[in-house]
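Colleague: I would like to learn how to read a model like this one. Please take me through it feature by feature.

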Amino acid sequence: MSVTDTRPVAPPGVRAHTVGRAEDVPPGEGRAFVAGGVQVAVFRLRDGSLHATQAACPHAGGPLADGQTDPDVLVCPLHLHGFRWRDGSSTGDAGPLTVYPVREVDGLLVVDA
Ligand code: FES
């Protein structure tokens, strides 16, 4: 019997990395992980959606996993710059944030980085 894997495949040059278990990131919170040598922050919003960004804020290296979230924006805890989930762009004058695809597969968190 053959089984077809229908999970999305990362684009060339990007690899899928399992970074932790789904329950490691409770609703409304973020956690820092390493995905293939890249430090990332993974968030689960209160609506259950997952997002992943670089772990260090592009402004001055703040710990983004400790930031505040809403459905559209992540706010860094150090100087309160905001970054849009959709593309990592700043809501102010901070540099853009790198965002990564993230998904839950069989109870595990998978980040493409
Ligand atoms: S370090 Fe994130 S806003 Fe300054």
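**Reading the model**

Modeller: Start with burial: a residue is buried if 20 or more other C-beta atoms, placed from the backbone, lie within 10 Å of its own, exposed if 12 or fewer, and partly exposed in between. In the protein chain, buried residues make up 27% of the 113 residues. This is a predicted model, in which local features need pLDDT of at least 70, side-chain atom pairs count only at pLDDT 80 or more, and totals for chains, interfaces and linings use all residues. Residues are numbered from 1 along each chain as its sequence is written.

Colleague: What is the mean pLDDT of the protein chain?

Modeller: pLDDT is the predictor's confidence in each residue, from 0 to 100. Here the mean is 92, and 90% of the residues reach 70 or more. Over residues 1-7 the pLDDT is below 50, and this stretch has 1 contact beyond near neighbours in sequence. Two residues are in contact if their C-beta atoms, placed from the backbone, lie within 7 Å.

Colleague: How many helices and strands are there in the protein chain?

Modeller: Helices (H or I, at least four residues) and strands (E, at least two) are DSSP runs, numbered from the N terminus. This protein chain has 0 helices and 10 strands.

Colleague: In what order do the strands of the open sheet lie?

Modeller: Two strands pair if DSSP finds at least two bridges between them. The open sheet has 4 strands in the order β2-β3-β4-β8, with antiparallel pairing. Its edge strands, β2 and β8 (99-100), each pair on one side only. Between β3 and β4 (residues 50-54) there are 5 bridges. Arg 44 has Leu 50 in β4 as its bridge partner.

Colleague: Which residues touch the most other members of the largest nonpolar core?

Modeller: A nonpolar core is a set of buried Ala, Val, Leu, Ile, Met, Phe, Trp, Tyr and Cys residues joined through C-beta atoms within 7 Å. The largest one holds 24 residues, and Val 40, Ala 41, Val 42 and Val 111 touch the most other members. At least two residues come from each of β2 (29-35), β3 (38-44) and β10 (108-112). The most come from β3, which gives 4 residues. Leaving out residues up to four places away in sequence, Val 111 touches several residues, among them His 17, Ala 52 and Tyr 100.

Colleague: Where does UniProt place the Rieske domain?

Modeller: The unreviewed UniProt entry puts "domain: Rieske" at residues 17-111. UniProt positions are given in the numbering used here, feature names are shortened, and annotations may be inferred rather than shown by experiment. In the model, the end C-alpha atoms of residues 17-111 lie 5 Å apart, and the span is 0% helix and 44% strand.
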